[in-house]
Number of protein chains: 2
Amino acid sequence: MSLQKILIAGTWRDADSTSTFQSENPATETALPDEYPVSSWADCDAALDFADAAFREMRVMDGAKIADFLEAMATEIESRKDELVEMANLETALPKAPRLADVELPRTTGQLRLGASAAREGAWRKPVIDEAAGIRSCYGPLGPVAVFGPNNFPFAFGSASGGDFAAAIAAGNPVIAKANSSHPGTTRIFAECAQKAAESTGMPAGIVQLIYRTSHFDGEKLVSDPRIAATGYTGSRHAGLALKHAADAAGKQIFLELSSVNPVVFLPGSIEERGEALAEEFAGSCLMGAGQFCTNPGMVLLVAGEKTDAFVADVAKRFAEAPIGTLLSKSVAKSLVENLGTLKKAGAEVLTGNSAGGGNGYSAANTLLRVSGEQFIADPETMQTEAFGNASLIVVAKDVDEVLAVIEALEGNLTGCVYSDTAGSDDAAYDKIEPSLRQKVGRLLNDKMPTGVAVSPAMNHGGPYPATAHPGHTAVGIPASLTRFAALHSYDNVRPHRLPAILRD
Amino acid sequence: MSLQKILIAGTWRDADSTSTFQSENPATETALPDEYPVSSWADCDAALDFADAAFREMRVMDGAKIADFLEAMATEIESRKDELVEMANLETALPKAPRLADVELPRTTGQLRLGASAAREGAWRKPVIDEAAGIRSCYGPLGPVAVFGPNNFPFAFGSASGGDFAAAIAAGNPVIAKANSSHPGTTRIFAECAQKAAESTGMPAGIVQLIYRTSHFDGEKLVSDPRIAATGYTGSRHAGLALKHAADAAGKQIFLELSSVNPVVFLPGSIEERGEALAEEFAGSCLMGAGQFCTNPGMVLLVAGEKTDAFVADVAKRFAEAPIGTLLSKSVAKSLVENLGTLKKAGAEVLTGNSAGGGNGYSAANTLLRVSGEQFIADPETMQTEAFGNASLIVVAKDVDEVLAVIEALEGNLTGCVYSDTAGSDDAAYDKIEPSLRQKVGRLLNDKMPTGVAVSPAMNHGGPYPATAHPGHTAVGIPASLTRFAALHSYDNVRPHRLPAILRD
């Protein structure tokens, strides 16, 4: 057992730790050997100082140099692929292949390289030249960014490797990575890759720093510190809102991705037309990776009828028969059971599942619950309790008007899907519900499950509060995601040779 | 004396008022005849309901129809120009011409027409089509917007006529206008113009509604209500931050323009080369309109020396000799004297002025204060007290390094200016201070005073906190300003005929 070091100013050094923690292998429910420090404020303070110093170099740095760093880091990651996959599998129980090795790792290096292209090419800076008025503008770097990554994507959303990280660096900002406590070892390897790339490309010490954990108090102090410019956070609503409160009060930017139940509406004609195929598609999407996706379809909206009952029975059977996946951690398993309990207590009928265990390590039975539209509308807040994991809530409305009423009662979500028949019998219902659903979600889908989040310039991995805190910004999709970590810089009558290169004639 | 009605759902109706207020003619210090209601929550509640209803129509409305409304409103404003100028002059003492009639009114109708062009043409929605992934995205309307306008631009930043109003409507959102208490009559005429345009272009009742004043408590409740999507606020820091706190806690968007001292650096060579011309330029800019601009140069940074002393003496003389303008209200006059007192108490030397009165009606002497760089750095928070009005603080640093240290101690500002000589002797100093100043301001100027805010697509009328709360957004400059009141809408695999027209092939 060894106590791991934190990365401050380009050096791996002993933390000023107040205590330590270990991650667990969720498949075996046993602690992994490495010990990680819980940092005191002194560590945060040091990281902030060096991030501030790094930013003084980066804010005047050519985008091409930043691109070199991101590309070198992607290459370094590839050279340590086996180690990363091994560690992440131990820490999260996510399958080595295809998930970690063949999907998430290439996505991660792909994002870093897209970030590199954006930094080199510069279109993300949206240069505007108004020759007549003598005014020019572009986006520029914002300042040091703190990144808090989630438990469910140790690579692609990792604090020192993922989408927020790539966007913050590509926009010219240093990053202070706060590892997710469920996979500190994976995050450490990424920080090692970043440090090696920083050395080989001549980047300032402090471009990427890593701490593993802090007290909640120090976390809130970090995101509101004068030396920090912005925070990217993906995780639980409770912890995220505490950070948001602190950052808001200090006038600091914070971009959060919180909870989302991702409603899926199957209009009657679609069930009539292809109910069995849709039951298979839905069950597959909801149970994939034990349902631990931000965009997992955690709520299904149907119109009452015989075909609907048959569809629901089919889905329940599939849930009951499907293998039970391992959950990411003890706390995910605990929360899932608790949240299902909340829904049951509020009146949801258990169609299948709703018991702890049953799979390898931390797990819970694949669970399907059912309420009526009337029940949902009577207590929408409770009914939208996110049960993160392999579970979904079926809401059966009495008619399309009640479907609409349920949608009106929804909070903001990342995604919303509508399935309809191909002949057009659902079109009137679609037209009735679409404007309301459109307002409630960042990404609207037709005839497709929400669980795939393509790295596309047209992606919006975002949505109205409380899915995120900024309905105009996306966490996925380069270059759009860079704008979160950028300031709008206007130049008025500035002498030509003093303009950033991108704004010169 | 008559009690004015509020505009709710297209009807001028009696307010549910808790009390009343009158505006004053600041030039005569006498109350104007009309009485205005302070609305209870019932009025806000009604406005919110009808704004919500209006939005249900507007969110699926063609941009061309919104453009028709904005253009009809601009035309209506022009037909009531004399009345508007008369009323605004009575309520604010701003000169009828050129200021109100020839500058601010055309700017206002120009902004409305630019908003109309943006709504009709649609480029502000930034359509992105990723055919390979089957994903498309664009910005769409966000929902009802509350607008709180400032005291100093009754037309161009007015709650029912100005930049935030034009941007919110052009992006497809209804507006609840909260009049500034110093010019309710002017705001009422604009709301009448809006209502007439709404009727002639077939807009929903509730597209523009007007209340005059609420309690602070109800104001905070309004910006955080579930039916509101966003708020645009321009005004004092204290009131703005109270609204921000309420909106943030509810996860609502709020775009604020708060205080700014707008530092102007005169590098030594510029003073050497053209000191007298610069003294004239600075005094003119600082005293114009009694200094009541968001971008008024309230702070000047100089390097100690004989020429600097001569420059400061020249400016002081100009301040002493210039006519004293009328301030916008009793409270502006009171705050100005108080804030100058704060600076004096903190050690600032009074070079000229610092007394109440002296002009027509509410006024204060043109005031110039002086501190050393060392004094500034010792207490930067107090030294950045904004003295809104015809006053400025001269900071004389011992050398360029101390100028840089002063800049490092600055809060976020809307603008920052640097004057340098033409021969290049200031270039090294410019290069030394620019990266820090760039980080602190939204708009960086060379050799130009900040008081003109052109309506240019390259404008940033914004800046880091506490100048605003969003360093990536601007309040002036169409179409950029529309994005504040928009949501990013992604469409994934959505059937072609269901896409918004702007996203179809």
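Predicted model: local features only at pLDDT ≥ 70, side-chain atom pairs only at ≥ 80, totals over all residues.
## A helix pair in chain A

In helix 14 of chain A, the residues A:Val400, A:Val403, A:Leu404, A:Ile407 and A:Glu408 meet A:Ala429, A:Lys432, A:Ile433, A:Ser436, A:Leu437 and A:Lys440 of helix 15 of chain A.

How do the two helices sit against each other? Two packed helices are described by the angle between their axes and the distance between the axes. Here, the axes of helix 14 (residues 400-408) and helix 15 (residues 427-440) of chain A come within 9 Å and cross at roughly 5°. Angles under 35 degrees count as roughly parallel, so helix 14 of chain A is roughly parallel to helix 15 of chain A.

## Two domains in chain A

Let us step back to the whole chain. Chain A splits into domain 1, built from 32-130, 141-258 and 468-488, and domain 2, which covers 263-446. Between the C-alpha centres of these two domains of chain A there are 32 Å.

Where the domains meet, eight residues of domain 1 of chain A are in contact with nine residues of domain 2 of chain A. On the domain 1 side of chain A, the touching residues comprise two nonpolar, four polar and two charged.

## A three-stranded sheet

Chain A also holds an open sheet of three strands, in the order 3-6-12 and with mixed pairing. Which strands form its edges? They are strand 3 (17-21) and strand 12 (213-214) of chain A, each of which pairs on one side only.

Strands of a sheet pair through backbone hydrogen bonds, either parallel or antiparallel. In chain A, strand 3 and strand 6 (residues 36-39) run antiparallel and are joined by four bridges. As an example of the residue pairing, A:Ser19 has A:Val38 in strand 6 of chain A as its bridge partner.

## How the two copies relate

Two copies of a chain are related by a rotation about an axis and a shift along it.

What about the surface through which the copies meet? Of the interface residues of chain B, 100% are also interface residues in chain A, so the copies meet through the same surface.

Conventions. Residues numbered from 1 in each chain as written. Chains lettered and ligands numbered in written order. Domains from an automatic or database assignment. Contact = placed C-beta atoms within 7 Å. Nonpolar A, V, L, I, M, F, W, Y, C, P; charged D, E, K, R; others polar. Pairing = 2+ DSSP bridges. Helix = DSSP H or I, 4+ residues; strand = E, 2+ residues; numbered from the N terminus. Axes fitted to C-alpha atoms, helices over the stretch in contact; angles between N-to-C directions. Parallel < 35°, antiparallel > 145°, perpendicular 65-115°, else oblique.
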